[in-house]
Amino acid sequence: MPDTSSHKAMTSRSSERFGKWLVSAPPLVYLLFFFAIPALIMVLASFRTPGEFGGLSPLVEDGKLDLNLDSYVRFFTESVYAQIFVKSVWYALLTTLFCLLLAYPLAALIARSPKKYRDLLLLLVILPFWSNFLIRVYAWMIILGPNAAMARAANGVLSWFGHEPVPLLFSSFAVLVCLVYVHLPFMVLPLYANLEKHDQALLDAAQDLGANGWQRFWRITFPLSLPGVYAGAALVFIPALGIFAIPDILGGPEDSLIGNVIKQQFLETRDWPFGSVLSIVLTVAALVLAGLAAWVGRSQLGTRSSGALSRA
Amino acid sequence: MALLEIQNVSRRFGDFTAVDQVSIAIEAGEFFTLLGPSGCGKTTLLRMIAGFDLPDEGRILLSGEDLADRPPEQRPVRTVFQSYALFPHMTVEGNIAFPLQMSKTPAAEVPAKVQAAIEDVRLIGFGKRYPHELSGGQKQRVAIGRALVTHPTVLLLDEPLAALDAKLREEMQIELINLQKEVGITFVYVTHDQTEALALSHRIAVMNKGRVEQLDQPSKIYSFPTSRFVADFIGKCNLLEGPVTASGNGVVSIDAEGLGPVRVATGVAVAAGKSGAIALRPEKIRVAASTLNAEPDRGPEEKPDGRSDTEPDNHFRGTVTDYLYLGDVTVYIVSTPQGCKLETLLANSGAGRTKFFEVGDAVEVSWSVDAGHFIS
């Protein structure tokens, strides 16, 4: 008897293991072919020589393996790329900051509104996703266009002060406005998910212990919402860092970001090795910054993170 | 003048009157309890004292000052919440320092005061821990320490022991009594647990449906309930109801339903014919095995007040229909032939003696005329 039962247990355990593999195999295969292998190809490409008419020159020439660091040397010696890189980080940071400033009150408002309205309000937040990204970006061309109400109003005010009219479109202003607009829901959702779990009793207790509204926010609500802030910041910062469509459509010649340069290298200049180098540097930078943020977040929240949000 | 005066306070939520014309005066240094079933208005009243809710009518005065215009953060009143409401992102020290920081205590004085509070609530060595690293009892102590560190005029406690297990609850009750004596701060305590209220309080206000049913010392509330609700809510109680048949000489007789004539000593004058009730605690009833001879033993007994010497005991026959062994005591339900069920209690103090009677045993129950309490 004990034999059969242990045998049963073993078969059930191995079938369980088989089931786990069965479930995780499709995503694993997918990631292998469409993420891991392309990434390796790109890493390899970054060490190769660009082809005479674009693309890559043969990997093996005259029996020699043609691998070099030329493209890396170029990135670190030609300062223009570093400058664009810094500018991209700056734009991404500004986008993250403005998203946070706009999303926090909105998320708090939704979290505190009556339960029956919350789903509707959340739906409104994600509603823009229902229309195409590019269409929404082009819409900003119309909104910010020289004959649109916004430009007329802004320039009307400026002319009052004797200022020359300024174009809103094809400017860093237009790029930033659209960057913030596109990424706002990615900040609202994690913040809402966090704020919604906050325990009203904590705010009552803080008030009872002498904290006014401002103190209650800075000492209780905000510190407890930091995990949501970090999550939202990562979700906004990383995509904003690599974006190219928005500067392409709404930016001026000065507003090229690293994403535009990468696109250029692959599609227009057809210098694949250098494009690969830029992509790799961007990926590494994003990973380092995200890792740094996670590390800061963890060391700051430390032991408090577990059960910190609410006691249900 | 009382420290905290609640004057004709009412609070309505739509059609529901949560607090109805309540007036209570609480003295400085008192351990005062609001006791009642859930929904009786006790928590609403507490929230109005704390400032989280405002009365629709009436006033709440603290040291003679009307609190109506003071938001919670400006009242010298602190609350210990039922859920403790400790700040999860702050250590024990951080939690206790919070009200000091809010009251602009000079930073140099904060550590010493925090340390003193930690000692008061016996949490030495736990200062650097976060709330989720503490047990329920320890969280409770942090909540109390945090509320007391600024020496409020009044401490409000909203069912603070409800989440603790029975053994810890008893320990904390003793600690609360000692702590209140030590710090001398007025405690207003809300609970639905009558034993807790009896154990802790100097005075109790028993609340029902938004009104104060009775306000008195615990022993008075237990021994002399003024209404059927209080008699029933506080402790176990047999309510013998029926019309008053005779009254006089400080003794009232009622024709108790299912029992017959029952006599009870009372100071209240009642007219015959009115309906009344006698509240009779189970432990006041004597139970004896039925003797075979019909005439029960009514030998003279020593009575402390002398008056009852002339008054014969109430005496009835019945059968044990149920019993409940509770360890220290056993509860016996005795039914009379007319269908009245009396709850009685016998202490299991004798060695090895856990059962006096079995179901079906014929017994005689008796109690002196001053054992019960007449409620008109």
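Which residue in strand 17 of chain B does B:D322 stand opposite? The views below show a predicted model, in which local features need pLDDT of at least 70, side-chain atom pairs count only at pLDDT 80 or more, and totals for chains, interfaces and linings use all residues. Residues are numbered from 1 along each chain as its sequence is written, while chains are lettered from A and ligands numbered from 1 in the order in which they are written.

**View 1. Strands 16 and 17 of chain B form a hairpin.** B:D322 stands opposite B:I333 in strand 17. Strand 16 and strand 17 (residues 329–335) run antiparallel and are joined by 6 bridges. Strands (E, at least two residues) and helices (H or I, at least four) are DSSP runs, numbered from the N terminus. The hairpin has 3 residues between its strands, and B:G327 in the turn has a positive phi of about 90°.

**View 2. Strand 16 of chain B also pairs with strand 19.** Strand 16 (residues 314–325) and strand 19 (residues 362–367) are antiparallel over 6 bridges; pairing requires at least two bridges found by DSSP. B:N314 has B:W367 of strand 19 as its bridge partner.

**View 3. Chain B touches chain A.** The contact (C-beta atoms, placed from the backbone, within 7 Å) takes 19 residues from chain B and 20 residues from chain A. On the chain B side, strand 6 (77–80) and helix 2 (92–102) are the elements that give two or more residues. Helix 2 gives the most, with 3 residues.

**View 4. Chain B is divided into two domains.** Domain 1 spans 4–231 and domain 2 spans 236–375, with bounds from an automatic or database domain assignment. The contact between them takes 7 residues from domain 1 and 6 residues from domain 2.

Key:
Two residues are in contact if their C-beta atoms, placed from the backbone, lie within 7 Å.
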